[in-house]
Amino acid sequence: MQDDYDVVIVGAGMVGASLACAIAPTNLSIALIESVSPNEDWQPSYDDRGISLSTSSKRVLEHIGVWKDICLHTTPIKKIHVSNQKKFGFTHLAAPEADVPELGHVVIARSLGDALHKKIRQYKNITLLCPAELKDFLRQDSKLSLKVSRSGNIETINTRLLVGADGSRSIVRRLAGIEIKERDFKQTAIVSNLTTQKGNQSVAYERFTSHGPIALLPIDKNRSVLVFTVHSDRENYYLNMSDNQYLKTIEMEFGRRLGKIQKLGERRPYPIFFIEAIQQFQDNLILLGNAAHTLHPNAAQGFNLGLRDVAGLSECIFSGLEKKLSIDDINILKNYLKLRHSDQQRVIEFSNGLATCFYHDSSLFTSITNITMLLFDCIPPFKSSFLKRTMGIAGHQPKLVRGLYL
Ligand SMILES: Cc1cc2nc3c(=O)[nH]c(=O)nc-3n(C[C@H](O)[C@H](O)[C@H](O)COP(=O)(O)OP(=O)(O)OC[C@H]3O[C@@H](n4cnc5c(N)ncnc54)[C@H](O)[C@@H]3O)c2cc1C
């Protein structure tokens with residue numbers, strides 16, 4: 001095995017794999033270390049969840065050559081119906097209001113993983129080490145020396161830039177001694193696929209309830225992904241219910257907008273918490289994706305934000321190399337954070353704000369959210385600007401998000 005790489009990315013989940021594809025055209029030598037093979041059932045990034053992709057994500061995936069492989073497996077979102085259970089506020093968000101053909105697309109995470117890994121195999125300068133696990137690293141002069149466990153042995157590989165894309169419980173972050181801000185929402189998202197009597201007409205539904213949001217994302221004509229959020233102490237109660245009982249509960253909470261629910265897939269629980277790394281980079285090291293910021297899934301922004309960060313880091317690496325900077329030049333990482341800080345903070349505040357606002361029991365909060373939703377419906381420019389933000393195309397964005405080449 002080669003033991004020196006320009007860049008080592010730990011985690012070949014959605015974000016790490018996307019970064020490898022995005023920077024591969026530089027010809028840097030890249031190693032991707034991943035502990036769970038993409039085909040395994042327990043692969044944490046590529047499971048059967050429906051992931052809602054924003055316009056910004058579509059542009060980045062197009063640029064890295066992955067969109068053409070997933071587009072047949074995606075369903076467009078033409079309209080979003082947002083409501084507040086047992087309260088009067090609700091709103092519709094439709095594609096024409098933002099002057100776009102669709103508000104986003106839904107893809108099953110597993111299909112996205114297949115397409116990303118197919119692309120990775122096409123690059124000779126990417127070495128995928130899988131299954132392999134990062135165990136430790138040491139600083140040695142201007143390099144990092146990594147201890148990687150593979151086939152029962154510990155191997156050493158060296159790099160000038162280590163990217164921690166290893167998820168919420170990032171070992172890279174822990175070994176680097178980077179502190180985090182953390183908030184446990186004490187909620188669990190129970191995700192299952194279901195088939196409904198009526199077609200979903202490419203409409204996504206988000207309903208805020210006192211126990212958390214319920215989202216229904218279209219994945220096919222009559223199939224949708226249900227994200228049912230509950231208080232964590234009730235998780236086992238909902239998971240152990242019979243299918244029939246669970247269907248009745250969903251219909252009671254969500255109504256029969258899509259007719260009778262005819263088939264229900266396996267229910268999988270995801271604990272919900274917020275994590276933000278206090279520091280995103282150090283010499284020779286940067287955190288990306290869930291390792292840098294893990295969000296409440298209420299606004300479906302986690303991967304979309306991570307992919308805009310991938311676009312931002314790729315841009316800074318390309319332009320740094322063009323200026324003859326070395327890949328371990330700290331200015332590349334400083335420029336990256338300058339480019340990405342405001343978008344990251346805006347999305348974090350929005351997603352944490354939603355989590356606070358909609359579950360607040362006080363009547364003052366309820367009135368404020370209801371009035372906001374109604375006003376929102378009546379003021380088109382406000383709505384259109386909000387839509388552009390959730391589609392990831394507002395504010396100053398990296399070149400790939402703006403549809404430009406690096
Ligand atoms: C219920 C739910 C619904 C969601 N829906 C959406 C949505 O609709 N839209 C959206 O944009 N986002 C959504 N998200 C968020 C999205 O899932 C995350 O933002 C995304 O998975 C982050 O990707 P990542 O690659 O950073 O981390 P992960 O997906 O956690 O991947 C990390 C990878 O690192 C590997 N790894 C970990 N440690 C090591 C190690 N020591 N050595 C080697 N490899 C290692 C893991 O095996 C894994 O493959 C949702 C999240 C949840 C929980």
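How many bridges join β4 to strand β7 (residues 104-108), and do the two strands run parallel or antiparallel?

Tutor: There are 3 bridges between β4 and β7, and the strands run antiparallel. This is a predicted model, in which local features need pLDDT of at least 70 and side-chain atom pairs count only at pLDDT 80 or more, while totals for chains, interfaces and linings use all residues. Residues are numbered from 1 along each chain as its sequence is written. The names of elements come from DSSP runs, numbered from the N terminus: helices are H or I runs of at least four residues, and strands are E runs of at least two. Two strands count as paired if DSSP finds at least two bridges between them.

Together they form an open sheet of 3 strands in the order β3-β7-β4, with antiparallel pairing. β3 and β4 (75-77) are at the edges with a single partner strand each, so one side of each has no neighbour in the sheet. From one strand to the next, the twist averages 30°, with axes taken as lines fitted to C-alpha atoms and angles running from 0 to 180 degrees between N-to-C directions.

As for burial, a residue is buried if 20 or more other C-beta atoms, placed from the backbone, lie within 10 Å of its own, exposed if 12 or fewer do, and partly exposed in between. In β7, 5 of the 5 residues are buried, so this strand is largely enclosed by the rest of the structure. G104, V106 and I108 point one way, while H105 and V107 point the other way.

From the sheet, β3 leads on to the ligand. The shell there holds 35 residues, the closest being G11, G13, G167, G289 and G302; a residue is near if its C-beta atom, placed from the backbone, lies within 6 Å. The elements that give two or more residues to this shell include β3 (50-53), along with α1 (14-23) and α8 (302-322). α8 gives the largest share, 4 residues. By type, the shell has 18 nonpolar, 13 polar and 4 charged residues. Nonpolar covers Ala, Val, Leu, Ile, Met, Phe, Trp, Tyr, Cys and Pro, charged covers Asp, Glu, Lys and Arg, and the others, Gly among them, are polar.
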